[in-house]
Amino acid sequence: MATWNSRGLRGSTLEELINRTNEMYCEKGLALIQKIPTPITPVRIDKEKHHITLAYFEQRSTVDYIGAVQGIPVCFDAKECNADSFPLANIHPHQVEFMEAFEKQGGVAFFLVFYSHLNLFYYLPLRQLLVFWKRMKQGGRKSFRREELEEKFYLPKKSGFLVPYLDGIARDLEIRD
């Protein structure tokens with residue numbers, strides 16, 4: 001069983017940026033995306049501060065976010081990276097399996113990778129991740145380098161949107177058609 005501790009808060013700033021973006025997309029009628037909470041069982045609670053200090057995950061989470069964009073089912077997971085090489089160990093096999101099944105049902109699955117040291121967002125389509133995943137499974141690199149990524153999926157800052165991932169979805173859908 002996995003345990004939770006403060007290390008799990010590393011992506012909380014990224015999560016907050018995405019949550020605010022989701023609110024803005026919803027307000028403008030562009031998308032309805034929700035954060036999927038990971039069910040936990042508290043083990044130790046700091047009663048003075050009303051904080052959970054130790055907990056167990058009740059089950060493996062699949063993705064961080066799920067919803068619809070203009071009638072298209074969408075799911076994604078957010079990952080933060082502070083180097084130019086992203087370790088595939090940060091992605092779990094059950095997440096990849098869920099996303100593959102999601103796309104077989106007509107949805108769009110992707111990862112949002114935030115390169116924190118560069119303040120740069122990248123939209124990683126599932127099919128692109130699968131290239132790196134297959135390479136790893138065949139005994140190759142257990143990570144991918146930033147220079148291996150397709151330039152067109154970087155998400156430049158956009159007025160009003162903190163994490164403009166709808167632009168990535170639009171590019172992804174253009175390629176699929």
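**Close-up 1. An aromatic cluster in the predicted model.** In this predicted model, one aromatic cluster brings together Tyr25, Tyr65, Phe76, Phe110, Tyr123, Phe153, Phe161 and Tyr165.

**Close-up 2. The Phe98 and Phe102 pair in helix α2.** The count of aromatic pairs comes to 13. In the pair shown here, the ring centres of Phe98 and Phe102 are 6.0 Å apart and the planes meet at 35°, so the pair is tilted. The two residues sit four apart in helix α2 (residues 93-104), which means that about one helical turn separates them. Phe98 is partly exposed, with a relative accessible area of 26%, whereas Phe102 is buried, at 14%.

Close-up 3. Six strands make up an open sheet with mixed pairing, and their order is β2-β5-β6-β8-β9-β11. At the edges you will find β2 (31-35) and β11 (154-155), each pairing on one side only. Helix α2 packs on this sheet and touches β5, β6 and β8 (108-115). The direction of α2 makes about 155° with that of β6.

**Close-up 4. Strand β6 between its partners.** On one pairing, β6 (residues 72-81) meets β5 (residues 65-69) in the antiparallel sense, over five bridges. Here Ala68 stands opposite Pro73 of β6. The pairing of β6 with β8 is parallel and runs over eight bridges; for Asp77, the bridge partner in β8 is Phe111.

**Close-up 5. Strand β8, covered on both faces.** Eight of the eight residues of β8 are buried, so the strand is largely enclosed by the rest of the structure. One side carries Val108, Phe110, Leu112 and Phe114, and the other carries Ala109, Phe111, Val113 and Tyr115.

Close-up 6. Strands β8 and β9 pair in the antiparallel sense over six bridges, and Tyr115 has Leu120 of β9 as its bridge partner. Four residues lie between the strands of this hairpin, where Asn119 takes a positive phi near 50°. Tyr115 also has a charge over its ring: the charged end of Arg146 sits 6.0 Å from the ring centre. Helix α3 (residues 126-137) lies across β8 and β9 (120-125), and its run makes about 80° with β9.

Definitions and conventions: Residues numbered from 1 in each chain as written. Predicted model: local features only at pLDDT ≥ 70, side-chain atom pairs only at ≥ 80, totals over all residues. Heavy atoms only, no water. Phe/Tyr/Trp six-rings, centres within 6.5 Å; stacked < 30°, edge-to-face > 60°. Buried < 20%, exposed > 50% of the residue type's maximum accessible area, 1.4 Å probe, protein only. Lys NZ or Arg CZ within 6 Å of the ring centre and 35° of its normal. Pairing = 2+ DSSP bridges. Contact = heavy atoms within 4.5 Å. Axes fitted to C-alpha atoms, helices over the stretch in contact; angles between N-to-C directions.
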